[in-house]
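Subject: Structure handover

Hello,

Here is the structure for you to take over. Please open it first, then read my notes below.

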Amino acid sequence: MSTSTGSRIVVTGATGNVGTSVVRLLSEDPEVGSVRGLARRIPDWSPERTEWSAVDLASEQTDLTEEFAGADAVVHLAWAFQPTHDPAMTWRTNVLGSIRVFEAVAAAKVPALVHASSVGAYSPGPKEHAVDESWPTHGWPDAAYCREKAYLERALDIFERDHPAVRVVRMRPAFLFKRESASEQRRIFGGRFLPGQLARPDLLRFLPDVPGLRVQALHTDDAAQAYALAVRSDVRGAFNLAGEPTVDAELLAGMLDARPVRLPRTAARSAIAAAWGLHLLPASPHLFDAVLRLPLMDCTRARTELGWHPEHTATEVLEEFLHGMQQGAGTRTEPMKGRKVG
């Protein structure tokens with residue numbers, strides 16, 4: 001990396017949940033000389049030593065090689081979750097757009113690529129114990145999100161074989177939350193007309209307890225810290241990122257002072273499928289199927305090789321996120337605008 005003026009880092013998807021945390025953290029790093037954020041819409045927000053470019057990864061007209069010229073690292077975070085009813089559209093942005101990023105990294109001779117993979121890239125796995133980064137990454141084929149994340153794992157296998165000089169890091173985080181992401185994530189997964197004020201303990205007296213619904217959560221800022229560490233270090237390969245404890249109906253019921261009520265998988269899926277089919281719910285039943293099958297992740301490698309330690313527990317993360325939903329929290333980028341409803 002550059003030593004006289006600091007390193008130059010390019011971040012794709014810089015205005016989303018993870019991107020805003022990564023850009024802010026890198027801009028505060030004295031070893032970083034400049035941060036270039038790429039996003040479809042330039043925000044009314046510009047941390048110190050940060051510049052912006054309007055870039056649509058789905059467009060074949062975008063010259064990413066020029067955007068990456070002179071960069072010491074590219075942090076690739078850009079991702080489209082919607083529309084779930086048009087997987088060809090998300091494929092163009094997420095898969096074809098990511099492949100354009102990889103090709104441009106090689107063409108611009110960028111020495112390091114830090115890619116946002118996901119727990120969703122993993123094949124179905126255990127809920128009773130955690131798996132490390134060697135667990136297969138073939139995803140759950142019926143869910144577009146998992147299918148796309150898994151496909152990019154294979155694309156990176158080929159990229160690393162063909163470009164051994166590029167240091168490639170794959171981050172596989174659990175579900176990421178922060179207060180400022182509440183409005184965005186409510187719109188993405190619950191729909192724009194779902195009132196965030198419903199996330200109140202006095203209104204949630206009963207909580208569905210679906211067999212197999214055990215997942216991991218992590219504060220977005222803690223994930224951003226791992227990305228920053230990966231940019232600064234010489235590590236390669238995959239890293240699991242998750243907080244403790246594991247999130248299940250019992251933990252959520254305790255947080256919300258609600259009573260867990262057993263709900264069969266088939267009943268829960270049928271309700272989600274009906275709402276999704278009627279375009280009332282953006283989150284698809286296929287993603288619900290995948291979540292029930294995601295393995296729990298062991299994060300030992302991130303702790304020992306990156307020196308990464310999350311500052312927030314999963315319980316603290318969810319409490320912060322729920323408060324953000326109630327208040328319509330957001331921040332000054334187009335994807336992250338705060339709204340209580342609509």
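How many bridges join strand S1 to strand S2, and in which direction do the two run? Six bridges link S1 (residues 7-12) with S2 (residues 32-39), and the two strands run parallel. Within this pair, Arg-8 stands opposite Ser-34 of S2. Keep in mind that this is a predicted model.

The sheet

S1 and S2 belong to an open sheet of seven strands. The order is S3-S2-S1-S4-S5-S7-S11, with parallel pairing. Strand S3 (50-54) and strand S11 (237-241) are the edges, and each pairs on one side only. On average, neighbouring strands are turned by 20 degrees against each other, direction ignored.

Helices on the sheet

Helix H3 (residues 87-107) packs on the sheet. H3 touches strand S4 (73-76) and strand S5 (112-116), and its direction makes about 175 degrees with that of S4. Helix H6 (residues 220-232) packs on the sheet as well. H6 touches S1, S4, S5, strand S7 (167-173) and S11. Its direction makes about 170 degrees with that of S7.

The cores

The largest nonpolar core has 43 residues. Val-11, Val-22, Val-75, Met-171, Tyr-227, Leu-306 and Trp-308 have the most contacts inside it. H6 gives the most to this core: eight residues. Beyond its neighbours within four places in sequence, Trp-308 is in contact with residues including Leu-218, Ala-226, Leu-229, Leu-241 and Cys-299. Asp-222, Gln-225 and Arg-303 are also among its contacts. There is a second, separate core of 25 residues, which includes Val-74, Val-95, Ala-104 and Val-168.

Best wishes

Methods:
Residues numbered from 1 in each chain as written. Predicted model: local features only at pLDDT ≥ 70, side-chain atom pairs only at ≥ 80, totals over all residues. Heavy atoms only, no water. Pairing = 2+ DSSP bridges. Helix = DSSP H or I, 4+ residues; strand = E, 2+ residues; numbered from the N terminus. Axes fitted to C-alpha atoms, helices over the stretch in contact; angles between N-to-C directions. Contact = heavy atoms within 4.5 Å. Core = buried A, V, L, I, M, F, W, Y, C linked by side-chain atoms within 4.5 Å. Buried < 20%, exposed > 50% of the residue type's maximum accessible area, 1.4 Å probe, protein only.
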